Amino acid sequence: MKRIIVKLGQRSYPIIIGYKIFSRIGPALKSIRIGRDAIIITNNFLKRKLGVTLKRNLEKTGFTVKFEVVPDSEKSKSTLEVFKLVNDIGKYDIKRRIFIIALGGGVVGDLAGFVAAIYKRGISYIQVPTTFLAQIDSAIGGKTAVDLSVGKNLVGAFYQPRMVFTDPALLATLDRRQVRSGMAEAIKYGVIADSKLFEFIEKNHKAILGLNRKVLEFVVYRCSLIKSKVVSLDEKEQRGIRTILNYGHTVGHALETVGGYEKYNHGEAVGLGMIAAARISGELNLIDKKSCQRIEHVIADAGLPTSAKKINKFRLMSVLYRDKKFVKGLTRFVLPVKIGKVVVREDIPLSVIDKAISSIVKK
């Protein structure tokens, strides 16, 4: 097992990474004295696939277990689902020392983390990410949120887990589309902070998609390390450091919203957002043409879409300007200047943004 510490003073916590360590979660939780009564928030598929093993392991180490099952889609990240969960937990929480386990991908992690943040003004929770995207990105850093009809992640809180317990062997439960979705976030980390990681993904994209153990372990560890360092330096995005993690997400979140959270999954939308941002950077002469093409090619090699079909451009632009990453009405984008480095630019001409959006939206 490898161990990374997210350094946040008294709220520091470990990211534990290891292949086939899922059965060792009970002792790991005992070591941090998190409570006695586990509430596992997950979906039906994962409850069937992993629930029995997890329950048995936790009970063997002295925990009690209760499952809360949520729908397996972005639509479960709703205020309706939040208050259903909070009510269920409140009825159960009598003379207990409860904590939450988020067993799932980014949707479950965001939802469970937000419930943990608001129930009794905050209870302990841990992340057990089961998707590639969650293992390398969304499970780390304490961003919890649910969606509104007008936009993604507009209701949320910064609330750190007590532990992230990552087993790359769990990715065997994924279909190919979900693996590709995670590839988008891995590519993002290469572009924003690690040219060698980017080059590794370029050369090994087939092995990653094939869930090769050694390759997966390397990518999961490297991305987790980058994210932990960024979060440790700028937990609540107040110093401008954490903002770089939003590369591709400005246009990406707007695409998810316009697509009703069904047409494009998170990774697909972020991949398109990264292409749009790279093209904006090219228009501003911040990045050379060859680097821009490398970004687009590796996204295509990952099997991710490079154009958005049947998306209303004008609605997309409207949603874009509601994005919480815009400041006081000013457009703000994370833009690559070379592979491994990005900058944050504000007040980009609307004509430049419109041109980039038009280039990825196909009728």
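Guide: Welcome! In this predicted model, local features need pLDDT of at least 70 and side-chain atom pairs pLDDT 80 or more, while totals for chains, interfaces and linings use all residues. Residues are numbered from 1 along each chain as its sequence is written, and side-chain values use heavy atoms, leaving out hydrogens and water.

Visitor: What makes the radius of gyration agree with a compact globule?

Guide: The radius is taken over C-alpha atoms, and the globule rule is 2.2 Å times the number of residues to the power 0.38. For 363 residues that rule gives a value near 21 Å, and the protein has 20 Å, so the two agree.

Visitor: How many of the residues are called buried, as a percentage?

Guide: Buried means under 20% relative accessible area, with a 1.4 Å probe and protein chains only. Buried residues make up 58% of the 363 residues.

Visitor: Why is helix 7 called roughly parallel to helix 11?

Guide: Helices are DSSP runs of H or I with at least four residues, numbered from the N terminus. Helix 7 (residues 195-209) and helix 11 (residues 289-301) pack at about 10°, with axes 10 Å apart. Axes are lines fitted to C-alpha atoms over the stretch in contact, and angles run from 0 to 180 degrees between N-to-C directions. Angles under 35 degrees count as roughly parallel, so helix 7 is roughly parallel to helix 11.

Visitor: Which residues make the contact?

Guide: Contact means heavy atoms within 4.5 Å. Helix 7 brings Phe198, Ile201, Glu202, His205 and Leu209, and helix 11 brings Arg294, Ile295, Val298 and Asp301.

Key. Helices (H or I, at least four residues) and strands (E, at least two) are DSSP runs, numbered from the N terminus. Angles under 35 degrees count as roughly parallel, over 145 as roughly antiparallel, 65 to 115 as roughly perpendicular and the rest as oblique. Buried means under 20% relative accessible area, exposed over 50%, partly exposed in between (1.4 Å probe, protein chains only).
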